[in-house]
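Colleague: I am new to this structure and would like to learn how to read its features. Could we go through it one feature at a time?

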Amino acid sequence: WREGAVYSSNSVMLAGLVAEAGGEAIDLGIAPDDLGETKRLLEQAFQADAVITCGGVSMGRYDHVRTAAEELGAEPVFWKVSIKPGKPFFFARRGACPLFGAPGNPVSAHVTFEMLIRPALLAMQGASDTARPTLRVPLAAPYHQRPGRLGLARVRLTGEGGDLRAHPLTAQGSGILSSMVQGNALMLVPAEITELPLGALVTVLP
């Protein structure tokens, strides 16, 4: 461990989420910012039942995942989803093997796994019901968002039974992984909503 260094928290997080969804993660390590090396690791990854990448799917100079996947014969299905966080998500198929290209920011990676990857992995294992149950609970504080995308805000549920309340966390940045620990649910805020007052009934995903 070295102070000030950047560590691959996403790989540990995603391995745990894969295990919780019934899978076994095979960590192939970190691809450097090089198209050839990205292709080499992806070629190995395509031997598995499914591939999950993290980062490298946006529009930067060193975002090679989409190009590498296509050059290896993967067929793109979609790129970008209208959710926040998690917009630069990439999905492709090579034969029967799906590729889930999650964003690199830790919260975006966690949220897109929960909303997009986990249900797919469960369906691949034969599950007919892949959705987590949702709840309708009142807000314990006002909430504001910019309109345009479905908001998936971290909240903390407190109380019991019919007395549950949703407390929005103040830190909603997509790089703040600790907020996924401090929160215990995601609040689904429709794209057209900008303001939610105290006491508003909201849909949460524990």
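Modeller: We begin with pairing. Two strands count as paired if DSSP finds at least two bridges between them. Keep in mind that the model is predicted.

Colleague: How many bridges join E1 to E5, and do the two strands run parallel or antiparallel?

Modeller: The general idea is that strands of a sheet pair through backbone hydrogen bonds, either parallel or antiparallel. Here E1 and E5 (residues 97-102) are parallel, and 4 bridges join them. Take Thr-53 as an example: its bridge partner in E5 is Gly-101.

Colleague: In what order do the strands of the open sheet lie?

Modeller: The order is E1-E5-E4-E2, which makes 4 strands with mixed pairing. E1 and strand E2 (75-79) are the edge strands, each pairing on one side only. On average, neighbouring strands of this sheet are turned by 15° against each other, with direction ignored.

Colleague: Which strands does H4 lie across?

Modeller: H4 lies across E1 and E5, and its angle to E5 is about 170°.

Colleague: Where is the kink in helix H4 centred?

Modeller: First, the general idea. An α-helix has 3.6 residues a turn, so residues three or four places apart point the same way. In this structure, helix H4 covers residues 106-124 and has a kink of about 45° centred on Phe-113. Just after H4 comes Gly-126, with a positive phi of about 100°.

Colleague: Which residue other than glycine has a positive phi near 85°?

Modeller: That is Lys-80. Lys-80 sits in the loop between E2 and E3.

Colleague: Is the peptide bond from Lys-84 to Pro-85 cis or trans?

Modeller: The bond is cis, and its omega is near 0°. Pro-85 belongs to the loop that runs between strand E3 (83-84) and strand E4 (90-94).

Colleague: Now the pockets. How much space lies in the largest pocket?

Modeller: The general idea is that rolling a probe the size of a water molecule over the atoms shows where empty space is left. In this model, the largest pocket holds about 1,400 Å³ of space. It is lined by 44 residues, of which Asp-27, Gly-29, Ile-52, Thr-53 and Cys-54 are the closest to its centre.

Colleague: Which element gives the most to the lining of the largest pocket?

Modeller: H1 does, with 6 residues. At least two lining residues come from each of helix H1 (9-20), helix H2 (35-45), strand E1 (51-54) and H4. By class, the lining of the largest pocket has 24 nonpolar, 15 polar and 5 charged residues.

Colleague: Which residues are the closest to the centre of the second largest pocket?

Modeller: They are Lys-84, Pro-85, Arg-154, Gln-172 and Ser-174, out of 21 residues that line the second largest pocket. Lys-84 and Pro-85 are also the two residues joined by the cis bond. The space in the second largest pocket is about 320 Å³.

Colleague: How do the lining residues of the second largest pocket divide by class?

Modeller: There are 6 nonpolar, 10 polar and 5 charged residues. Strand E7 (143-144) and strand E8 (150-158) each supply at least two residues of this lining, and E8 gives the most, with 4.

Terms used. Residues are numbered from 1 along each chain as its sequence is written. This is a predicted model: local features need pLDDT of at least 70, side-chain atom pairs count only at pLDDT 80 or more; totals for chains, interfaces and linings use all residues. Side-chain values use heavy atoms; hydrogens and water are left out. The bend at a residue is the angle between axes fitted to the seven residues ending there and the seven starting there. On a 1 Å grid over the protein atoms alone, a cavity is a set of points where a 1.4 Å probe fits but cannot get out, and a pocket is an open set with protein on both sides within 12 Å along at least five of seven lines; lining residues have an atom within 4 Å of a point. Grid points are joined across faces, edges and corners, and a volume is the space filled by probe spheres set on the points. Ala, Val, Leu, Ile, Met, Phe, Trp, Tyr, Cys and Pro count as nonpolar, Asp, Glu, Lys and Arg as charged, and the others, Gly among them, as polar. Axes are lines fitted to C-alpha atoms, for helices over the stretch in contact, and angles run from 0 to 180 degrees between N-to-C directions. Contact means heavy atoms within 4.5 Å.
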